Amino acid sequence: MISRFRVFVCSWLLIIANVRPAAAQQTFTGRLSDSACAASHQSKSAADGLTDRDCIFACLKALATYVLVDGNNQVIPIANQDAMGLPLYAGRPVKLTGERKGDAIFVTKVEAIPAHLHLGLVMTNWRDTPGSRGFLPVAIDEARVASLHAGLAAKATSLDDIKMHAGHALHALDPSMESRGPFDKAQGGPGAGYGVQKAVEGTLEHLALAAKADGATVTVTTYAIRSRVPLMNVLQYVDQAGLLVRRIRAATESADALRLAADLAALTQRISDEGLQQAQINMELIMKNEGLLGAPR
């Protein structure tokens, strides 16, 4: 009995002695590249007219491997080349989670750096927008609808038509201020039901978060700040448009309504040309400098 107990205890001691704690997961940040070009794709991409991302895939076809280039231009090999997410983020700044094994990283997770996650919400995808697109493209599309119908209101010949198109313009600007009535989506009513107001609020929120997030470069912070003023102006213009539409609806003479509709048309044009267009220019500069133009969603 005693000998069996000793055997049991010794067996467990051997098992415990051979159990090593799992290696702690670490995070690594840098740009996802290939072993052939490493920190610079200029020589190959410029000669062949390729983007950095295209250059990486060309090098991979020539048997190069994925690597991470950190902030000090140190090239770190990636042990598991089949890690999910590597093709998606090729050529982009990334945050890798994994275990350092010798000189290489065994990757368990690949994701965009926090600053780029917020930029993506502004420009490429968000969960509740029409088509799950970014906030700013939705704002631009809704503003285009608002401008179209404000223009129709300014050219209408009857008081009822002026009021109808003015309402359509307001719906595209802020559906919370204007119900569709009989012009619902199923009947081909104007706008997508999201509104410039809500889309711009989302844009402002995530630009502010991007500017403060890990990985935010000088380009991100500079142009995010520059976008704030034109976007805040857009929100003021939407409020002014709401007041104009109320006055149009209260009008009893076509001439008075037409004069107000002309003001509405000018205001919606300012929303597109002065506010959203300037924000789009700034965002395109950010996306280009961050290597995000044309990146997969």
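Start by selecting glutamate 99 and phenylalanine 106: the phenylalanine, in strand E5, is the bridge partner of the glutamate. This is a predicted model, in which local features need pLDDT of at least 70 and side-chain atom pairs count only at pLDDT 80 or more, while totals for chains, interfaces and linings use all residues. Residues are numbered from 1 along each chain as its sequence is written, and side-chain values use heavy atoms, with hydrogens and water left out.

**The strands**

Now widen the selection to strand E4 (residues 93-101) and strand E5 (residues 104-112), which pair in the antiparallel sense over eight bridges. Strands pair here if DSSP finds at least two bridges between them. Another place to look is threonine 97, which stands opposite lysine 109 in E5.

Pick phenylalanine 28 and you will find leucine 96 of E4 opposite.

**The whole chain**

Zoom out and colour by secondary structure. Helices (H or I, at least four residues) and strands (E, at least two) are DSSP runs, numbered from the N terminus. How many helices and strands does the chain have? There are nine helices and five strands, and from the N terminus on they run α-β-α-α-β-β-β-β-α-α-α-α-α-α.

The chain exposes about 15,900 Å², of which carbon and sulfur atoms supply 56%; the areas come from the Shrake-Rupley method with a 1.4 Å probe, and for residues only the protein chains shown count as cover. Of the 297 residues, 44% are buried. Buried means under 20% relative accessible area, exposed over 50%, and partly exposed in between (1.4 Å probe, protein chains only).

**Helix H3**

Select residues 52-61, helix H3, and show side chains for Cys55, Ile56, Cys59 and Leu60, which are buried. Look down the axis of H3: its buried residues fall within an arc of 140°, so they line one face of the helix. The arc is that of the directions from the helix axis to the C-beta atoms. An α-helix has 3.6 residues a turn, so residues three or four places apart point the same way. Just after H3, stop at leucine 63, where phi is positive, about 80°.

**Two loop stops**

Asparagine 73 sits in the loop between strand E2 (66-69) and strand E3 (75-77). Its phi is near 65°, a positive value in a residue other than glycine. Is asparagine 73 buried or exposed? At 53% relative accessibility, asparagine 73 counts as exposed.

Serine 132, in the loop between H4 and H5, also has a positive phi, of about 55°, although it is not a glycine. Serine 132 is partly exposed, with a relative accessible area of 31%.

**The cores**

Now for the interior. A nonpolar core is a set of buried Ala, Val, Leu, Ile, Met, Phe, Trp, Tyr and Cys residues joined through side-chain atoms within 4.5 Å. The largest has 55 residues, and Leu119, Val200, Leu264, Ile271, Leu276 and Met283 touch the most other members. Helices H4 (114-123), H5 (135-155), H6 (159-173), H7 (196-212), H8 (218-250) and H9 (254-289) each give two or more residues to this core. Apart from it lies another core, of 18 residues, among them Phe28, Ile76, Leu86 and Ala112.

Centre on leucine 264. Not counting residues up to four places away in sequence, leucine 264 touches Ala150, Ala166, Ala169, Ala241, Leu244, Val245 and Ile248; contact means heavy atoms within 4.5 Å.

**A glycine in H8**

Finish at glycine 242, in helix H8, which counts as buried at 1% relative accessibility. Leaving aside neighbours within four places in sequence, glycine 242 is in contact with Leu170 and Met177. Try the distance tool on the C-alpha atoms of glycine 242 and leucine 170: they are 72 residues apart along the chain and separated by 6.5 Å.
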